[in-house]
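This is a walk through one protein model, from its overall build to single side chains. Keep the sequence and the 3D view open side by side while reading.

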Amino acid sequence: MRQEIQQQLFAYAEEEYRAFQEKLLPGVAHMMGVRLPKLRAIAKQTAKKDALLYLTQMQAIDWQTAYYEEKMLYGLVIGYAKMNDNQYKEWLDTFVPIIDNWGVCDSCCMTYKWMRKQPDYWWDCLNSYLAADTEFSVRFGLVAMLDHFIEEAYIHKLFSVCNRLRNDSYYAKMAAAWLISMCFVKFPKETYLFLQSDQMDCFTHNKSIQKTCESYRVAKEWKPLLRDLRR
């Protein structure tokens with residue numbers, strides 16, 4: 001099944017797009033240059049045909065030499081497969097450790113809309129990925145929270161998560177800053193109060209303010225107030 005899907009991927013590969021992606025994702029090797037809509041279409045087709053067969057076969061490969069698109073497809077098939085929450089969690093436990101870039105992380109996270117159906121279950125699961133404390137396990141947890149948990153019931157829990165974050169890696173900190181900026185879009189007053197006295201490190205705090213001020217979804221009258229909070 002992997003070889004059949006690889007052939008599909010190569011058929012959709014674009015050299016110019018591969019070069020573009022390599023600039024967006026420095027250091028990521030083994031790219032074909034397949035656009036995300038094509039990857040999503042293949043993932044949906046694969047999930048409908050036999051998701052478990054595909055996922056099981058992919059467990060046997062060497063992820064160190066796998067293509068970027070294969071990692072992406074693996075995560076997307078998990079998202080589009082029909083499973084129960086425990087099964088989703090089992091497959092995510094095999095997927096999260098192979099994430100080594102923000103592209104795979106972020107695109108797959110937004111696909112896991114089933115997390116919204118059982119938020120308490122998935123909140124605990126995402127916190128377990130944060131506790132793993134590797135750069136991309138932390139980013140995975142934060143970006144999934146950003147995509148599926150910016151709601152009134154969780155807003156202060158999200159602030160607590162960011163206050164507790166002590167992972168010093170770049171992509172983890174940037175995910176926290178992105179999360180706070182998106183919280184501000186939906187809950188500006190609450191997020192502004194948080195930023196007045198948060199316990200985040202200076203880099204994450206200032207990046208949160210920067211990303212919020214860059215957003216077209218934030219009213220311009222907030223932005224001078226936010227800039228005054230920079231450290």
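A residue is called buried when its relative accessible area is under 20%, exposed when it is over 50%, and partly exposed in between, with a 1.4 Å probe and protein chains only. The model is predicted, so local features need pLDDT of at least 70 and side-chain atom pairs count only at pLDDT 80 or more, while totals for chains, interfaces and linings use all residues. Residues are numbered from 1 along each chain as its sequence is written, and side-chain values use heavy atoms, with hydrogens and water left out.

The overall build comes first. The protein chain has 13 helices and 0 strands, where helices (H or I, at least four residues) and strands (E, at least two) are DSSP runs numbered from the N terminus. The C-alpha trace spans about 55 × 40 × 30 Å along its principal axes. The radius of gyration, taken over C-alpha atoms, can be set against a globule rule of 2.2 Å times the number of residues to the power 0.38. For 231 residues a compact globule would come out near 17 Å, and the 19 Å of the protein chain agrees with that.

Of the 231 residues, 52% are buried. The protein chain exposes about 11700 Å², of which carbon and sulfur atoms supply 51%; accessible areas come from the Shrake-Rupley method with a 1.4 Å probe, and for residues only the protein chains shown count as cover. A contact means heavy atoms within 4.5 Å. Among contacts with a separation of 6 or more, residues 24 or more positions apart account for 70%.

K71 is a buried lysine, with a relative accessible area of 8%. Leaving aside residues up to four places away in sequence, K71 touches W63, A66, F95, I98, D100 and V104.

Next come the aromatic side chains. Rings of Phe, Tyr and Trp (its six-membered ring) pair if their centres lie within 6.5 Å; planes under 30 degrees apart count as stacked, over 60 as edge-to-face and the rest as tilted. The structure holds 19 aromatic pairs. One of them is Y121 with W122, edge-to-face at 5.1 Å centre to centre and 80° between the planes. Y121 is partly exposed at 28% relative accessible area, whereas W122 is buried at 0%. F184 and W222 also form an edge-to-face pair, with 5.3 Å between centres and 90° between the planes. F184 lies in helix α10 (residues 170–186) and W222 in helix α13 (residues 222–227), so this pair ties together parts that are 38 residues apart in sequence. Both F184 and W222 are buried. Ring pairs also link Y88, Y112, W114, Y121, W122, Y129 and F140 into a cluster.

The cysteines remain. How many disulfides are there, if a disulfide is a pair of cysteine sulfur atoms within 2.5 Å? The count is 0. The sulfur of C125 has its closest cysteine sulfur in C109, 13 Å away, which is too far for a bond. For C213 the closest cysteine sulfur is in C183, at 15 Å, again too far for a bond. C125 is buried, with a relative accessible area of 7%, and C213 is buried at 11%.

Notes. A disulfide is a pair of cysteine sulfur atoms within 2.5 Å.
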